[in-house]
Amino acid sequence: MPFKKFPQAFHGICMYHLLNNLKTKFRNKTRELEQHYIRTTKTYNLQDFHVLFYTLCSAVPGVKEYLKTVGLDRWTRSHAPSRRYNIMTTNISESLNGVLVKVRELPITAFVNEIRLLCQKWFHEHRTKAGGCSSMMSKDVETKLEQRKDRAQAIGVICADQYTFDVVDGDRNYCVDMALWTCTCRKFQLDQLPCDHVLAVVRKTPYQAYDLCSLYYTREFWHETYRGVISPIPHISSWSIPQQISDFDLQPPDVRTVAKRRRKRKVPSIGEELPTPKCSRCKERGHNRATCQNPIALHPADEAECLGSTLPTHQPTHPSDQQSMQHL
């Protein structure tokens, strides 16, 4: 386990993988579980977490002990010891696995080269995209700020002193401290991006929204992230290999391999369902046309033709036979 090898590092849990585990363990409460779990996981405020967590535990008996055993700091945003921003899943690794699914069967050197080519392409695309950005923040952050500014129009602000403000959002009050860069909703300090309440304060004060954003969201940092160039590698015949490297006798590890077909599909986690093949012959799932053993029903016209070929072709000649046929 990674957390046993690196005990000082924080190891969060993917919220969707944990949700699949919960669905498997509490099968009779799937709808209530998914409805309350996602809100409990994503909330920023500790008070909101306690209310949502109580609702979740009331709707799904037994889930409280299971989630506390896992550790609240590993699957919730509100209890995480470090900032998780919006990274609550392992979608990035799943996406990378999906891109590399066709090259996994290549030899290791060819496989590594495919990864290098893929990263080389991605770095160039993102570097070009960042270079064409004309706004102060990255495009996604600019869009998020505009949406929050629109919502901030309906929020009331009452000034307590030069740095402290009482913000009224619907039926709830929040305290914004511009000296400490905090808001009691905790979204400002956890995401390092102004929340709706801070932007409502900005609207009525000399503060600037861009000055309250983390430098990691700026266009310069975005471009600097992809400034490095992954250089192409020429053919092996043109390589200049040092003598001490060419003299080194490197042998593959001495391992025993099991005489069976190598696994091509990943091992599914608990609650994860991999797509099953569908037979093009019988239209059922779980096998393909080559291994299909199901009997296929004949078309009605073909069935009638087959039955007609097995009926007797002679006509009844005796009067009693004709009378019997009329009754039929």
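**Helices, cores and side-chain pairs in a predicted model**

Let me begin with Glu220, which counts as partly exposed at 45% relative accessibility. On the scale used here, buried means under 20% relative accessible area, exposed means over 50%, and partly exposed is in between, with a 1.4 Å probe and protein chains only.

A word on the basis of these values. This is a predicted model, in which local features need pLDDT of at least 70 and side-chain atom pairs count only at pLDDT 80 or more, while totals for chains, interfaces and linings use all residues. Residues are numbered from 1 along each chain as its sequence is written, and side-chain values use heavy atoms, with hydrogens and water left out.

First, the overall picture. The protein chain has 15 helices and 4 strands; these are DSSP runs, helices being H or I of at least four residues and strands being E of at least two, numbered from the N terminus. Of the 328 residues in the protein chain, 26% are buried. Contact here means heavy atoms within 4.5 Å. Among contacts in the protein chain with a separation of 6 or more, 53% join residues 24 or more positions apart.

I turn now to the nonpolar cores. In soluble globular proteins, nonpolar side chains tend to be buried together. A nonpolar core is defined as a set of buried Ala, Val, Leu, Ile, Met, Phe, Trp, Tyr and Cys residues joined through side-chain atoms within 4.5 Å. The largest such core in this model holds 21 residues, and Tyr37, Val63 and Trp75 have the most contacts inside it. At least two residues of this core come from each of α2 (15-25), α3 (30-42), α4 (46-59), α5 (63-70) and α6 (72-75). The greatest contribution is that of α4, with 5 residues. Leaving aside residues up to four places away in sequence, Tyr37 touches Met15, Leu18, Leu19, Leu22, Leu56 and Trp75. There is also a second, separate core of 19 residues, which includes Met178, Cys195, Leu199 and Leu212.

Next, helix α8. Which residues of α8 are buried? They are Phe111, Arg116, Leu118, Arg127 and Ala130, and they pack against α7 (91-99) and α12 (219-225).

At 15% relative accessibility, Arg116 counts as buried. Arg116 touches Ile230, Ser231, Pro232 and Ile233, again not counting residues up to four places away in sequence. Arg116 and Ile230 are 114 residues apart in sequence, yet their C-alpha atoms are 7.7 Å apart in space.

Now the aromatic pairs. Rings of Phe, Tyr and Trp (its six-membered ring) pair if their centres lie within 6.5 Å; planes under 30 degrees apart count as stacked, over 60 as edge-to-face and the rest as tilted. The count by this rule is 7 aromatic pairs. Phe123 and Tyr226 have ring centres 5.3 Å apart and planes at 80°, so this pair is edge-to-face. Since Phe123 lies in helix α8 and Tyr226 in the loop between α12 and α13 (243-246), the pair ties together parts that are 103 residues apart in sequence. The rings of Trp181 and Phe188 are stacked, with centres 6.0 Å apart and planes at 25°. Trp181 is partly exposed at 37% relative accessibility, whereas Phe188 is buried at 1%. Ring pairs also link Tyr37, Phe49, Phe53 and Trp75 into a cluster.

Finally, the charged side chains. A salt bridge is a side-chain nitrogen of Lys or Arg within 4 Å of a carboxyl oxygen of Asp or Glu, and 5 are counted by this rule. In one of them, Arg151 pairs with Asp196, the closest N and O atoms being 2.8 Å apart. Arg151 lies in helix α9 (residues 139-152) and Asp196 in helix α11 (residues 196-203), so the pair ties together parts that are 45 residues apart in sequence. Arg151 is partly exposed at 43% relative accessibility, and Asp196 is buried at 14%.

Our opening residue, Glu220, forms a salt bridge with Arg219, the closest N and O atoms being 3.4 Å apart. Arg227 and Glu224 form another, at 2.7 Å from N to O; here Arg227 is exposed, at 52%.
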